[in-house]
Amino acid sequence: MVDAMSFTTRSAEETKKLGGILGRLLKPGDVVLLSGDLGAGKTTFAKGVAEGLGIGSEVASPTFTLIAEYEDGRIPFVHMDLYRLYEEGAPVDEELAAIGFDDYLEGRAAVLIEWPQAVMDELDDALAVHISPQPLPRIDERTFRCHALGPKSWQRLDEWVKRWLF
């Protein structure tokens, strides 16, 4: 079974398609940790995941609200953006408790967390995806380095690789 993999996309549309494939595979309780610099393509990828889950609502990065919940897909989807926690150096445990972070991990929804650095130690099974844009002249190209951090995510990554490659 695959526990690490790299993917390359060459356009925003391909980035969204890669996310869509993953979205079609996600199950309640799956957690995706999405990292990368500002402008790396995290929100484009997240929109693809939402489409793959059948979410009909407009998906935007919840930077100021921290959490957006979507119930209109085949399973519930929770999209978190913890950039403010990452940047502010806030007392993270207090902030996470205030937003009910642990409640979102109880398995009812698929959860995608942008800027997950503040919560990495809290999770025992997640699919970590790091996006790196390429320099000129390949500015639309993105490299996705993916690592499975537990048995459920190993299975999900294995399925994702097969769907992307075949």
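Guide: Two strands count as a pair if DSSP finds at least two bridges between them. In this predicted model, β2 and β6 are joined by 4 bridges and run parallel.

Visitor: What holds paired strands together, and in which directions can they run?

Guide: The strands of a sheet pair through backbone hydrogen bonds, and the pairing is either parallel or antiparallel. Here β2, residues 31-35, is also parallel to β5, with 4 bridges between them. β6 and β7, by contrast, run antiparallel and are joined by 7 bridges.

Visitor: How should I read the pattern of residues along a helix?

Guide: An α-helix has 3.6 residues a turn, so residues three or four places apart point the same way. In α2, the buried residues are K42, F45, A46, G48, V49, A50 and G52. Just after α2, G54 takes a positive phi of about 85°.

Visitor: Which two values describe a pair of packed helices?

Guide: The angle between the axes and the distance between them. For α1 (residues 12-25) and α6, the angle is about 130° and the axes are 9 Å apart. The two helices are therefore oblique to each other, and their crossing is right-handed. On the α1 side the contact is made by E14, K17, L18, I21, L22 and L25; on the α6 side, by R156, E159, W160, R163 and W164.

Visitor: And for aromatic rings, what describes a pair?

Guide: The distance of the ring centres and the angle of the planes. The whole structure has 6 aromatic pairs. In one of them, Y70 and F77, the centres are 5.9 Å apart and the planes meet at 25°, so the pair is stacked; the cut-off for stacking is under 30 degrees. Y70 is buried at 9% relative accessibility, and F77 is buried at 1%.

Visitor: How are Y83 and W115 arranged?

Guide: They form an edge-to-face pair, 4.7 Å centre to centre with 65° between the planes. Y83 lies in helix α3 (residues 83-88), while W115 lies in the loop between β5 (110-114) and β6 (127-133). The two residues are 32 apart, so the pair links distant parts of the chain. Y83 is partly exposed at 22%, whereas W115 is buried at 8%.

Visitor: Which residues form an aromatic cluster?

Guide: F7, F45, F144, W160 and W164 form one cluster. Of these, F45 is among the buried residues of α2, and W160 and W164 take part in the α1 contact of α6.

Methods. Residues numbered from 1 in each chain as written. Predicted model: local features only at pLDDT ≥ 70, side-chain atom pairs only at ≥ 80, totals over all residues. Heavy atoms only, no water. Phe/Tyr/Trp six-rings, centres within 6.5 Å; stacked < 30°, edge-to-face > 60°. Buried < 20%, exposed > 50% of the residue type's maximum accessible area, 1.4 Å probe, protein only. Axes fitted to C-alpha atoms, helices over the stretch in contact; angles between N-to-C directions. Parallel < 35°, antiparallel > 145°, perpendicular 65-115°, else oblique. Left-handed = near helix turned anticlockwise from the far one by under 90°. Contact = heavy atoms within 4.5 Å.
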